[in-house]
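I opened the notebook to record what I looked up in this model. Sequence and structure come first, then my entries.

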Amino acid sequence: MTTAVTPDDLLASARAWIAEDPDEQTRAELEQVLAAVEAGGDDADLADRFDGTLEFGTAGLRGALGAGPNRMNRVVVTRAAAGLAAYLKDTGARGPVVIGYDARHNSDVFARDTAEVMTGAGIPALLMPRPLPTPLLAFAIRELGCAAGVMVTASHNPPQDNGYKVYLGDGSQIVPPADSGIAERIAAVGPLADVPRGTGGKVLDETIVDTYYDTVAGLAGDGPRDLDIVYTPLHGVGGTSVVQVLETAGFSAPRVVAEQEHPDPAFPTVAFPNPEEPGAMDLAMALAEKHGADLVVANDPDADRCAAAVPGPHGWRMLRGDEVGALLAHALLEAGTEGTFATTIVSSSLLGTMARAAGRPYVETLTGFKWIGRVEGLAYGYEEALGYCVDPEHVRDKDGVSALLLLCDLAAAAKAEGRTLVDVLDDLALAHGLHATDQLSVRVTDLAEIGAAMERLRAAPPATLGGLAVERVDDLSLGSADLPPTDGLRYVLAEGARVVVRPSGTEPKLKCYLEVVVPVNPEDGVDAARIAAAGRLDAVRGDIQAAAGI
Ligand SMILES: O=P([O-])(O)O[C@H]1O[C@H](COP(=O)(O)O)[C@@H](O)[C@H](O)[C@H]1O
Ligand SMILES: [Mg+2]
């Protein structure tokens, strides 16, 4: 919520904040900012810090570390934990809260604060033994019968950010109305000094980690294991888990990108620690090229996403999330997996086509794994943002470790037949048409630019995009029978193409998701369809960019 503040209110809020902040560092930081304003300096920085509070977005709270309610810090985390504790008590939830954390700045401190607030509220707290992947936390919630889970992570965001993912006892991240129920109770938390603090809870031993490794390793079949794998955890926490799981499943140890092997909150070798960002996978692909490896796999820093790259005639290329999503779906369908297949409205429509062809139920949700994770009867869910859930029984969230293992499993099976993952993708294109997707993602410094772009699109709906007629425009903010309201626009285009435009819920970005479908003529081959699709995507991209004015 954004409230207009007068300068006097602002100064008073800052002083009140300093008075209750238990963190020496953020206290000193805000004192400095305040002193500069009091000395007549610009108050823009101070105003921004107090311009509302961090809110639950696509994946919990997320924001820059720093002092003030609009930043991630010990005050905000303590209040969030107290609000969650109140929600759990009010809703009669039973069982402990398990708390995980990644290796970012202060993640361990925020995790400990959360544990102390939980025990202070009379709720048992279990703390993960060390910085570990997000999916391990999601696993622990179900495995240990917890009432809720908290993961302190900002995933793939820049180094100066941190975040707070909240899960309930079903192991899925919170959605409405639980998020607003928790937010109301956070807002109602009184002075910090009145929030009772207990012990740090129980620190779990390695048993939970080993159980997870065995469970994940057990997902792979007993197929061929000859595969030369290059892996990078992108300076995050996936490293030991992935190596251990691959080896338990019978693969040789992957070649790990040495510069990115160990957790480092500064993420020194990448501009953004996000495998979706250009350049993030360069070191991994260079290592693979050097050794003539078969496959590159990567996780984002909290290891709930999995990226992959494959060799081709023009060098290594990254697979899109939609391609990995289709490959894993194919593997599961081939293995006879029953149940519902699900993805989001911004992901490729290929999954729906594959599910229908195989006679499986199919569901589309809003963006975010918090929605996919709670699909009833879920057998497999994925989203284009490199997120995959291949074992919903144990992990009701995306899991970059299990997805990575199953992808290696599939690649090794293909290799044993003298084929590659690209050959499998070609099979799918021949069977269902080439579904090509791309994303136009524009990072802004001023969030108002995103609102302005959405307004322009609403005011002047394009009649065609990339030469394809716009057959229907859905304003997603109105909601529908199948989907709760969310800020976004969907353009249904001729020939099976579509564009969705929405503001990111985790970063200051406007995202446009593009898909075109091109039939494959077996005589011309899949590559001809790929070239045609790339041209179409370019044309659609140019038009939506112009229409949005970004
Ligand atoms: O940060 P992660 O890896 O948890 O990923 C989070 O953010 C992604 C991007 O969301 P948005 O487009 O709103 O920025 C979501 O797709 C994902 O489900 C969510 O968990
Ligand atoms: Mg992540």
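What share of the contacts in the protein chain with a separation of 6 or more comes from residues 24 or more positions apart? I find 69%. I note that the model is predicted.

**Overall form.** I checked the radius of gyration next. The protein chain has 24 Å. A compact globule with 550 residues would come out near 24 Å, so the two agree. Along the principal axes, the C-alpha atoms fill a box of roughly 75 × 55 × 45 Å. I looked up burial too: buried residues make up 52% of the 550 residues. For secondary structure I noted 17 helices and 21 strands.

**Core.** I then turned to the largest nonpolar core, which has 173 residues. Val296, Val297, Leu328, Leu407, Cys408 and Val499 have the most contacts inside it. Helix 14, residues 400-416, gives the most to this core, with eleven residues. In soluble globular proteins, nonpolar side chains tend to be buried together. Leaving out residues up to four places away in sequence, Val296 touches Val230, Met281, Ala284, Met285, Ala288, Ala308, Ala309 and Trp316.

**Asp161.** Beyond its neighbours within four places in sequence, I list Arg62, Gly63, Ala64, Leu65, Met72 and Ala154 as its contacts.

I traced an open sheet of six strands in the order 16-21-20-19-18-17, with antiparallel pairing. Strand 16 (434-443) and strand 17 (464-465) stand at the edges. Each has a single partner strand, so one side of each is left without a neighbour in the sheet. Inside the order I followed strand 19 (residues 489-493) and strand 20 (residues 498-503), which run antiparallel and are joined by four bridges. Val492 stands opposite Arg498 in strand 20.

**Ligand 1.** Which residues come nearest to ligand 1? Of the 18 around it, I wrote down Thr58, Ser155, Ser504, Gly505 and Thr506. I sorted the shell by residue class: three nonpolar, nine polar and six charged.

Terms used
Residues numbered from 1 in each chain as written. Chains lettered and ligands numbered in written order. Predicted model: local features only at pLDDT ≥ 70, side-chain atom pairs only at ≥ 80, totals over all residues. Core = buried A, V, L, I, M, F, W, Y, C linked by C-beta atoms within 7 Å. Buried ≥ 20, exposed ≤ 12 C-beta atoms within 10 Å, placed from the backbone. Helix = DSSP H or I, 4+ residues; strand = E, 2+ residues; numbered from the N terminus. Contact = placed C-beta atoms within 7 Å. Near = placed C-beta within 6 Å. Nonpolar A, V, L, I, M, F, W, Y, C, P; charged D, E, K, R; others polar. Rg over C-alpha atoms; globule rule 2.2 N^0.38 Å. Pairing = 2+ DSSP bridges.
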